[in-house]
Amino acid sequence: MNLIGARRFIAAFVRSRTPVLAALGICACTYIEATDCGSGVGLQDRIAQFKQLDGKAEAAMGRHQPEEAVAAYKQAVCLFPNSARAYYGLGMAEAAARHFVDARDALRTADRLQPTTAMPLVMQVRVNYSLGDLESLKSNLRELASRFPKDTDAHTVLARFLAEHNLFVLALAEALRSGSSADDWNAKIQLSVLENTVGAYADAIRNALAVERNYALPEAVRGTAAGIVGLSYESLRQGDQARKYLSEAIQLDPSQENSYLALADLFEQEQNYSDAVTVLEQGRRHLPDSNALLLALGTNMVRTENYEQGVKILRQVLQTAPDTSEAYISIADAGRKAANPAEEIEALRELERQHSDYPMIHVLLARAMSNQRPAEYTKILEELALAATAAPNDPEVYLLQGKAYVALGRYEQAASVLERSIGLRPTEPSAYYQLARVYQRLGKTDLARQQFERVKYLEQNAAK
Amino acid sequence: MKSYELQNQSYALRMIDGSVTPPDLLFVRDHFNEPEISLDAWSLQVDGQVQRPYEIGFSDLVEMPSIKVEAFLECAGNAANGSAVSNGSWEGVALSSLLEAAAPVADAASVQLEGADSGRLYPDHPLLPYSQIVPIEKCRDRASLVAYKYNDLTLPPRNGFPARAVFPGLYGMNSVKWLRRLTVLGANEQGTTFERSGMNRLYNRVRHAEGPKQITRVSSVQVKSVLAWPMDGLKLPAGRYSIWGFAWSGGGAIRKLSISINGGKQWSPARLQSQPSPHAWVQWRYEWNAVPGDYAVMSCAEDIRGTAQPLTRDPARKDGYELNWCAPVHCSVR
């Protein structure tokens with residue numbers, strides 16, 4: 001729990017109990033005489049002291065000094081040991097100071113003293129989350145459901161908190177509790193997002209459609225709902241419906257980046273890259289600075305063989321986000337497809353500078369270098385030596401080394417690395433084929449024939 | 001209620017990376033069409049021979065104390081070397097907790113589990129929900145669950161979302177999907193959904209040697225192992241290979257796995273890849289230096305009770321269940 005969160009909840013509590021003296025008045029009716037502080041002082045004086053401590057604690061919390069707030073609230077608790085307000089404040093301060101066990105104790109006491117408000121239980125959920133105590137957290141949720149079944153605000157707040165912390169099933173449980181007693185669109189949207197997240201797609205569609213079909217609502221809200229409907233249909237593999245609602249989401253709220261991306265993703269899955277480009281270009285007109293849209297647009301332009309424009313857009317992404325690996329890979333892809341190995345190598349070198357541990361970067365570079373004419377096999381072998389150091393059990397590295405040695409006429413070395421590649425991956429026909437050619441050149445015709453037979457043998461498996 | 005067509009799907013075990021089946025490779029064996037369930041409307045009813053029948057909704061269920069169990073599920077009709085078996089981490093509420101909340105009567109003997117899927121098993125039978133009956137002792141087992149998560153995600157719709165039973169060690173048909181009702185039954189209670197639907201005619205072990213047929217209910221999973229690699233009919237160049245697969249038993253952890261490459265004439269020990277556990281399968285591996293020849297590769301598991309897979313199918317068996325003999329996989333090396 002962060003301090004901002006704590007302060008928000010304090011504010012909520014204070015709002016619900018204002019004026020503070022009213023809360024104190026409740027306590028004063030039944031207060032228990034403290035034995036080690038405030039004894040011999042009149043009630044009015046102690047109320048004044050309490051107010052002073054309360055103000056001091058809140059000020060300390062405002063200054064992000066929770067330890068000071070803890071000290072002040074402890075004195076307040078001592079003055080009025082039956083004050084829920086003091087224990088609640090203490091719990092909040094202890095939580096802000098990351099003393100979660102103490103925070104939980106204080107909040108439990110606050111709940112016992114003031115069982116008519118949900119806030120101490122709501123805060124216990126947060127504290128138990130911080131403690132990693134999910135069973136106690138669930139116990140708090142059960143108690144909330146039992147004692148405050150109609151407290152929509154509490155269940156909505158908890159649903160959001162739990163979703164933010166990836167506890168989606170519990171978040172959905174709370175959203176269902178709040179959703180069942182409230183018909184506001186915000187709760188319905190939240191519920192449908194969670195339903196989509198956990199796989200309850202039919203429910204997500206039903207709840208989101210209820211919002212989407214409410215024409216009195218702002219178009220942006222209906223657009224969000226249409227987007228959820230579209231995503232849920234996509235998960236149900238109902239492409240036509242998914243496209244319909246994602247298109248509608250874009251129409252209703254053209255400022256929603258996710259709608260364009262989701263619709264483009266649908267087209268990509270169908271390998272319909274030109275429609276993906278159309279959608280993403282539409283998105284770019286509304287959201288020209290969205291890197292996510294530009295990255296997807298550039299990548300799909302490369303796929304549609306519009307290399308120049310695609311690379312230009314991907315370079316635009318890299319200007320503001322130079323660590324975007326996918327952009328380098330797509331530019332390299334463009335270079336390879338456009339028979340421009342220099343561009344391919346340059347993009348991969350840039351990627352290597354940004355992410356030296358990018359998976360298979362040296363293999364990618366070696367492959368790109370092999371496409372250059374004339375290919376510099378000595379440099380390719382240097383790159384592959386780095387690849388072998390990074391991944392000593394990768395058969396592809398030794399296969400590429402074998403090809404490079406063949407090109408250099410170093411057949412004995414080629415045979416050695418190709419045999420190593422086969423040892424690591426005995427079912428790859430191309431390694432046997434390369435080895436067969438090497439043996440031919442070494443004049444070992446029997447061995448060459450044996451390798452060619454293994455290629456044919458393996459191809460019989462593939463033909464099955 | 002809308003429903004999707006019934007499915008029967010399993011996936012080659014060699015697609016599993018590690019020892020946990022990912023959700024999209026969980027095997028599916030439906031009896032009726034998959035129901036479409038609304039979470040708002042879904043509830044689990046607990047009734048029958050109990051003092052306090054009740055219904056519990058999704059929110060209340062998932063907020064109850066939960067446990068996680070790594071367990072395999074195997075279809076009772078899974079072929080020898082078949083792939084209708086999956087293994088993963090199930091999370092949910094102990095079935096015993098749900099039953100105890102209803103206070104079963106003292107002579108409660110079993111529990112009938114009903115799913116939200118329904119249909120007719122036979123043309124002359126009424127349209128009824130899918131159901132199974134499980135002894136109450138097994139329901140009270142600490143590992144028996146009403147599960148709502150698999151591998152930390154909600155159950156896939158086709159695998160029982162929002163909640164299903166999971167009985168580690170029992171064949172899969174007992175782990176009723178799309179669970180909606182638990183009915184506690186007294187001893188010899190008649191007229192159940194299970195009987196009226198004709199479900200009692202399925203999943204029976206039929207043994208017929210001499211004399212009358214013996215018919216008994218299939219229940220606990222028999223010790224079994226399968227080869228994930230190599231596959232039958234594979235042609236390989238000579239070289240070093242890893243033969244690997246999985247082994248499991250409803251009778252407890254696997255303690256030994258042997259491999260034969262010559263159709264059972266000689267056996268060698270394989271390496272178990274993880275610490276065997278009582279409810280989960282174990283991945284095993286055997287390093288094979290393959291020289292040219294024709295091979296019949298077999299695996300044979302033995303569980304902690306010393307029960308080993310049979311080398312052949314009992315010829316007296318006249319049913320299609322518990323197919324756990326050591327079936328050979330043929331491959332050739334050149």
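Colleague: In strand 23 of chain B, which residue is the bridge partner of B:R271?

Modeller: That partner is B:R285. Strand 22 (271-272) of chain B and strand 23 (residues 282-290) of chain B run antiparallel, joined by 2 bridges. Two strands pair if DSSP finds at least two bridges between them. Helices are DSSP runs of H or I with at least four residues, strands are runs of E with at least two, and both are numbered from the N terminus.

Colleague: Before we go on, what should I know about the numbering and the model?

Modeller: Residues are numbered from 1 along each chain as its sequence is written, while chains are lettered from A and ligands numbered from 1 in the order in which they are written. This is a predicted model, in which local features need pLDDT of at least 70 and side-chain atom pairs count only at pLDDT 80 or more, whereas totals for chains, interfaces and linings use all residues.

Colleague: How do I read the confidence, and where in chain A is it lowest?

Modeller: pLDDT is the predictor's confidence in each residue, from 0 to 100. Where it is low, the predicted coordinates should not be read in detail. Chain B has a mean pLDDT of 94, with 99% of its residues at 70 or more. Chain A averages 89, and 90% of the residues score at least 70. Within chain A, helix 1 (residues 3-17) is lowest at a mean of 33, and helix 17 (residues 291-303) is highest at 98. Over residues 1-34 of chain A, pLDDT stays under 50. For the model as a whole, ipTM is 0.90 and pTM is 0.85.

Colleague: Back to the sheet with strand 22 of chain B. In what order do its strands lie?

Modeller: The order is 17-19-23-22 in chain B, an open sheet of 4 strands with antiparallel pairing. Strand 17 and strand 22 are its edges, as each pairs on one side only. Strand 17 (residues 224-229) joins strand 19 (residues 239-248) of chain B through 5 bridges, and B:V226 has B:F246 as its bridge partner in strand 19.

Colleague: Is strand 17 of chain B mostly covered or mostly open?

Modeller: Mostly covered: 5 of its 6 residues are buried. A residue is buried if 20 or more other C-beta atoms lie within 10 Å of its own, exposed if 12 or fewer, and partly exposed in between, with C-beta atoms placed from the backbone. Across chain B, buried residues make up 48% of the 334 residues.

Colleague: What about helices? Why is helix 21 of chain A called largely enclosed?

Modeller: Helix 21 (residues 361-370) of chain A is largely enclosed by the rest of the structure because 9 of its 10 residues are buried. Its cover includes helix 19 (325-337), helix 20 (341-354), helix 22 (377-390) and helix 23 (395-408) of chain A. A:L348 touches several residues, including A:I361, A:L364, A:L365 and A:A368; two residues are in contact if their C-beta atoms, placed from the backbone, lie within 7 Å.

Colleague: How many residues of each chain take part where A and B meet?

Modeller: There, 26 residues of chain A are in contact with 24 residues of chain B. Helix 26 of chain A gives the most to chain A's side, with 6 residues.

Notes: Lists of a residue's contacts leave out its neighbours within four places in sequence.
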